[in-house]
Each structure stands twice: as structure tokens, then as C-alpha cells.
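I opened this notebook to keep track of what I looked up, entry by entry.

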Amino acid sequence: MADDLRAVHPGHLPAPLRGDPGTVRARITAALRAYWNTCFEPWWPRVRAVLQADVVHRGQVMSAYGMASMFADLSERVRLVDGVVRVRLGTNARFRRATTGEGLTLVPTLFSRGATTPISPDEPPVIMYGARGVGTLWQAEPGWSPKALAGLVGAARAGLLTVLATPASSTELAGRLGVTTSAVNQHLRALREAGLLTSARHGRSVLYLRSELGDALVTGASSGGEVPRSSR
């Protein structure tokens, strides 16, 4: 650790990084814990849901369209060409790294929109890329659904109706909401049979979206107006 600190601060170590190595390590650990508790922990469930949804989406793209399409969808800087993953970086660093026996780890992040890799072939093969769905990070959680709507269809189904203003698959919804796919499918079937959702097949996945009746129901419940009745 001492060598690493001197490499980062070659001239003079800041006061908190001086002294007994054990004490310095404890200071660093406490500072990192305080940073996590303040900046990340309160919002981690939201962040994790977005990251999980991205992982599910990448798996669906790979399953439906192949490995090259999945890599092409990561970033405009990443391509799979003739069995080689090519990453165009913003620096002049150039190297080739074999992944045999180690594999390649893909890491979605909310803190970068491009793609980054280690700067040395001696480091583990990793590509960090910007996760999709960042715009949904601060959307209201399903638990915040209007009381009138939750009272009518239940909290879980009200949450799904709220989320499905944009299309999503049951697997993606399960990842975002932190529940099982089978539980989500039960609610989706009930909502679709009631005319509140529409569905369409996209590759090997089925995407769900609020119907006009579902839109009217959510809008009416949010505004406190009369909830429309289905003609079914």
C-alpha cells in the first residue's frame, strides 16, 4: 500500500496518509465507507435495478441476434470482428489481450457513456460501458403508484402499469423490480386479459406496453378523476 500511495503522491504525502500503515489503512477504509453511505447507499436499489435491466437486455440481444450484435449495442467504440473484440479508446494505447481461460467481463456503469478498458495487457480483460436506461434512474418507483389505482388493481399491478409507459419484457421487468419472472408473468397476463396492456413479440421476447385503456386508467387515477371502465 505504501508504494501505491507514493506513486499517486510522488512529492509529499497528505497528512491523512502519513503515519502507521495500519492507522492509515483504517482512515482510508472509514473515508470510503462514509463516501458510500452518503453518495451511494440511499440510491443503490435504483442503481442496481437499472444495471440488472441492462444485463438482461444484453442477454436478450445476444440470444436473438448473436454475439456481434450484442457487442455492437454496447458502444459505438466496441465491435466484434472476426472473433476479436475491438475497443477504440480515447488514448493512443494499443495492445492485444488474449482472453482464453479467463473470459471477458462486461461491466455496465452509470458513470460513463463510452467504453473503457484496462490500459495494460497485464490487467484482467474487462470492458466497462454505459448502461442503457439511465433516464429511468429517478423515475418514481412502483410503490409510489396512486392510491386509487393501487386500491383498484393492487400495488404490484399498479406498479407494472406505471412502469409500462415504455415497452419491456417480463424478464427485464423482473430484473428492474427485483421479483421473479413467474410472479411478473402472472400479473402481466391478468392485466392483458383486462385490456390494460398490449403485447408484441420482439425476436424471442414478448414486450408489454400499456394500452389506451391502461393509459386512461393511470392518468385518471393520477389526476383523481373517474376511472374508466373496460367494455370487456
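Which element gives the most to the lining of the largest pocket? I looked this up in what is a predicted model, and I found that E2 gives the most, with four residues.

Entry on the pocket. I noted that about 800 Å³ of space lies in the largest pocket, and that 26 residues line this pocket, the closest to its centre being Val-85, Arg-86, Val-87, Phe-95 and Arg-96. When I asked which elements give two or more residues to the lining, I found strand E2 (84-87) and strand E5 (126-130). Sorting the lining by class, I wrote down 14 nonpolar, six polar and six charged residues.

Entry on the helix pair. I turned to helix H7 (residues 170-177) and helix H8 (residues 181-193), which pack at an angle of about 115° with their axes 9 Å apart, and I recorded their crossing as right-handed. Looking up where they touch, I saw that Ser-170, Thr-171, Leu-173 and Ala-174 in H7 meet Thr-181, Val-184, Asn-185 and Leu-188 in H8. The residues of this contact divide into four nonpolar and four polar, with no charged residue in the list.

Entry on the whole chain. I noted nine helices and eight strands in the protein chain, and I found that buried residues make up 28% of its 232 residues. Last, I looked up the contacts with a separation of 6 or more, and I wrote down that residues 24 or more positions apart account for 46% of them in the protein chain.

Conventions
Residues are numbered from 1 along each chain as its sequence is written. This is a predicted model: local features need pLDDT of at least 70, side-chain atom pairs count only at pLDDT 80 or more; totals for chains, interfaces and linings use all residues. Side-chain values use heavy atoms; hydrogens and water are left out. On a 1 Å grid over the protein atoms alone, a cavity is a set of points where a 1.4 Å probe fits but cannot get out, and a pocket is an open set with protein on both sides within 12 Å along at least five of seven lines; lining residues have an atom within 4 Å of a point. Grid points are joined across faces, edges and corners, and a volume is the space filled by probe spheres set on the points. Ala, Val, Leu, Ile, Met, Phe, Trp, Tyr, Cys and Pro count as nonpolar, Asp, Glu, Lys and Arg as charged, and the others, Gly among them, as polar. Axes are lines fitted to C-alpha atoms, for helices over the stretch in contact, and angles run from 0 to 180 degrees between N-to-C directions. A crossing is left-handed if the near helix is turned anticlockwise from the far one by less than a right angle, and right-handed if clockwise. Contact means heavy atoms within 4.5 Å. Buried means under 20% relative accessible area, exposed over 50%, partly exposed in between (1.4 Å probe, protein chains only).
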